[in-house]
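Please read the points below with the sequence and the model open side by side. They take a few strands one at a time and then turn to the aromatic rings.

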Amino acid sequence: MFRAIRWEKPKEKHPYLTGNFAPIARICTPTPCTYTGVIPEDLYGGEYVRNGANPIPNLTSGRDAYWLDGDGMLSGVIFQRSLVDPTKIVPHFVNRFILTDLYLYSLENPSLQGPILPSIAILVNPLSSLMAIVLRILRTILIVFLSHLPGSEQGIKKISVANNALVFHDGRALSTCESGPPIRIKLPGLETIGWYDGDSAEGECHRRTKGPIIGGNDLFGWIREWTTGHPKVDPSTGEMMLFHSSFLPPYVQYSVIPQSYTQKRSISSPEMLNIPIPGVSGAKMMHDFGVSKNYTVILDLPLSLDPLNLIKRKPIILYEPDKPARFGVFPRRELQDVKWFETKGCCIFHTANTWDELDSEGNVTVNLLACRLTSPTVIYTVGNIAAPQLLSTRKSDIPLEKSRHDSLDADKSEQAFSSPSKQSSEEEDQCRLYLYQFNLECDPPVIKTQYALSSIPFEFPTLNPAYEMSSARYIYGCSTTSISFDTTLGRTTKIDVIAKIDIHALIEKGKRAPPTSITGCIDTRTVAKIRTSRDPKDSIKTFIMPPNWYAQEARFIPRKNSQSHCHSTYQPRNPSISTVLSDELEVQPDIPQAPDYPLNPPAEDDGYLIFYAFDESQLDEEGECPDGAVSELWIVDAKGMRDVVARVRLPQRVPYGLHGRWFTEEEIRGQRGFERVREVRMSSQGKVGLVVGLMRMVMGGVRRWVFWAIG
């Protein structure tokens with residue numbers, strides 16, 4: 001029965017698992033890198049780390065594969081100070097797999113011929129049969145059961161691959177994914193310490209043996225511990241807010257974890273764990289949420305993640321466009337006061353910022369910036385699956401397949417801003433930065449404002465971290481020179497534009513000439529038109545990648561002061577040396593200096609954008625990466641959005657992935673202590689008793705036979 005679902009070599013290439021989307025097998029210990037340009041002093045001692053899926057084994061690509069499947073891999077660049085001369089900097093590249101239960105068990109059992117977890121592609125594909133889905137789920141349950149039998153070195157207690165994002169809270173760097181709790185990572189070497197339960201992490205010195213933990217201690221705690229990939233940390237109080245979403249009622253629970261490791265403890269409130277949020281309509285695929293200084297916004301969208309859908313002969317992950325999008329707004333610690341706002345159905349995977357406003361009469365408005373998609377088409381295309389017809393929305397009349405360079409010669413007669421009367425009531429297939437304003441004084445609740453700030457594609461948002469949860473002026477994000485993120489089957493979405501949006505300016509324009517609710521847009525220019533602007537005060541600025549170069553998500557690093565100095569470029573004499581530091585450096589003179597701004601306190605946008613970049617001219621004729629392909633880490637001036645301050649050449653490529661984070665030198669030095677890190681454990685070779693030895697041998701044989709049978 002199970003042999004029918006064995007994995008076979010796919011006949012077609014999966015677009016999201018080939019080229020620079022393809023996983024890598026090489027692991028680098030901290031390795032010195034060369035660079036050109038200048039590295040700002042503000043980066044000294046810090047580390048940029050990016051998370052992403054890197055599946056093993058790499059079944060590149062039949063339809064039963066998905067871009068987000070796979071084991072978490074961290075790729076980091078450490079801006080390490082020289083031990084001999086602290087004014088000198090030596091960037092080091094390091095990458096490691098996150099040692100989750102699934103990854104360790106896969107290494108222990110090489111006879112497993114496919115991933116332990118079912119591919120997301122199986123769960124979202126409308127053509128997947130009920131039998132195929134059930135068999136995949138039963139296979140996973142059987143493997144988890146076998147992992148706990150005698151003879152197994154690693155039991156599978158958590159099913160998270162921890163491949164989504166990173167957060168720093170209370171002396172811990174945490175890697176996240178919706179299928180489990182966060183897992184702690186050691187900086188800067190990226191070793192795995194252990195799962196975090198809301199109080200402490202495995203491997204730490206002092207662990208609480210009793211008391212509440214994420215998910216609870218009952219029979220279904222392992223399901224209720226599934227935590228958002230995007231926890232929020234309040235920069236003022238140090239509190240971390242999380243939600244835990246599952247397919248069991250009450251569906252979504254909420255936690256607030258105070259900071260206890262630093263002096264901020266005195267201003268933090270008590271811990272809240274696993275508090276049900278009333279009013280959630282059902283089991284949902286929730287990825288992100290919004291948190292302001294005083295309020296939290298939960299996204300109850302018409303995208304379900306429910307195994308019970310199988311009974312209705314529907315996919316486990318199902319979008320229902322006829323249902324509304326619901327936003328639950330409540331005070332941070334008073335969930336019983338939640339107010340639900342409804343509007344037209346949509347998908348939102350990432351929020352950009354959330355903040356409160358208080359008018360002269362004391363009325364509270366909660367503002368949410370979010371990357372709104374008009375359909376879930378991207379969920380299907382990253383699995384190389386055709387989206388159901390009912391999800392199709394009206395496409396733009398402008399062809400998608402425009403050359404990047406032709407698009408920059410756009411018709412100059414195009415109007416920069418359109419009036420509400422000219423805007424269509426129909427929605428194109430799009431992903432735009434939207435403003436939602438929730439007036440908490442209205443009864444019944446009504447969304448005060450909801451429209452796009454710009455018509456350019458916009459995802460993976462970031463901002464100056466000091467301005468999170470407040471009325472930040474600037475939001476940065478990823479875009480493309482195409483009209484929209486490509487959702488054509490067999491094609492991939494790639495980032496060749498980093499955009500900077502002046503939120504305050506566009507909101508003011510919206511107040512003067514309000515656009516149509518939901519479908520309206522303030523700035524309707526394309527990337528090509530924006531690129532031609534010479535207005536230094538333009539509300540949108542773009543950084544365009546060179547031909548054949550593509551970026552990944554960018555993160556903002558603020559300048560510590562307006563007189564930041566930069567170190568000259570160097571070239572290690574032997575870049576292959578993997579020692580901690582190299583003192584044999586050749587300083588190259590006459591290197592351009594970083595932009596020099598007037599002497600005054602740093603402005604909100606006074607800083608840098610940091611991201612990985614890849615030159616696709618390295619690909620071979622079949623679109624694959626040769627063994628010698630490499631990526632770079634780019635540092636871009638975030639104020640002017642034109643100058644590349646520095647480019648660090650890495651010893652290998654970094655596949656296109658998900659979310660990253662900048663860790664400051666203070667955070668790295670201020671990490672909590674721990675006793676041990678996780679390690680790859682091979683089968684025990686020491687002496688054991690006859691009975692134990694026989695049991696291990698028998699169970700090992702049983703596991704190998706079962707794995708052969710189920711693939």
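1. Strand β19 (residues 325-331) is largely enclosed by the rest of the structure, because 7 of its 7 residues are buried. Buried means under 20% relative accessible area, exposed means over 50%, and partly exposed lies in between, with a 1.4 Å probe and protein chains only. Strands are DSSP runs of E with at least two residues, helices are runs of H or I with at least four, and both are numbered from the N terminus. This is a predicted model, in which local features need pLDDT of at least 70 and side-chain atom pairs count only at pLDDT 80 or more, while totals for chains, interfaces and linings use all residues. Residues are numbered from 1 along each chain as its sequence is written, and side-chain values use heavy atoms, with hydrogens and water left out.

2. Which residues lie on each side of β19? A325, F327, V329 and P331 are on one side, and R326, G328 and F330 are on the other. Both faces are covered, and all of these residues are buried. In a regular strand the side chains alternate between the two faces of the sheet.

3. β19 has antiparallel partners. Strand β16 (residues 295-300) pairs with β19 over 6 bridges in the antiparallel sense; two strands pair if DSSP finds at least two bridges between them. D300 has R326 of β19 as its bridge partner. Strand β20 (residues 339-343) also pairs with β19 in the antiparallel sense, over 5 bridges. There, V329 has K339 of β20 as its bridge partner.

4. Strand β12 (residues 240-245) is mostly covered, with 6 of its 6 residues buried. M240, L242 and H244 point one way from the strand, whereas M241, F243 and S245 point the other way.

5. Where do the neighbours of β12 pair with it? Strand β11 (residues 232-233) pairs with β12 over 2 bridges in the antiparallel sense, and V233 stands opposite M240. β11 and β12 form a hairpin with 6 residues between them, and G238 in the turn has a positive phi of about 80 degrees. Strand β13 (residues 252-257) is joined to β12 by 6 bridges and runs antiparallel to it, with L242 opposite S255. β12 and β13 also form a hairpin with 6 residues between them; here Y251 in the turn has a positive phi of about 75 degrees.

6. An open sheet of 4 strands has the order β7-β8-β9-β10, with antiparallel pairing. Its edge strands are β7 (165-169) and β10 (191-195), each of which pairs on one side only. The twist averages 35 degrees from one strand to the next; axes are lines fitted to C-alpha atoms, for helices over the stretch in contact, and angles run from 0 to 180 degrees between N-to-C directions. Strand β9 (residues 183-186) and β10 are antiparallel and joined by 4 bridges. I183 has W195 in β10 as its bridge partner.

7. A165 is in strand β7. A165 counts as buried because its relative accessibility is 5%. Leaving aside neighbours within four places in sequence, A165 is in contact (heavy atoms within 4.5 Å) with residues including N51, L174, G229 and H659. A165 and G52 are 113 residues apart in sequence, yet their C-alpha atoms are 7.7 Å apart.

8. The model has 23 aromatic pairs. Rings of Phe, Tyr and Trp (its six-membered ring) pair if their centres lie within 6.5 Å; planes under 30 degrees apart count as stacked, over 60 as edge-to-face and the rest as tilted. F97 and Y103 are stacked, at 4.6 Å centre to centre with 20 degrees between the planes, and both residues are buried.

9. F614 and Y656 form an edge-to-face pair, at 6.3 Å centre to centre with 90 degrees between the planes. The pair links distant parts of the chain, 42 residues apart: F614 is in strand β35 (residues 607-615), and Y656 is in the loop between β37 (644-649) and β38 (660-663). F614 counts as buried at 1% relative accessibility, and Y656 counts as buried at 7%. Ring pairs link Y16, F21, W67, F614 and Y656 into a cluster.
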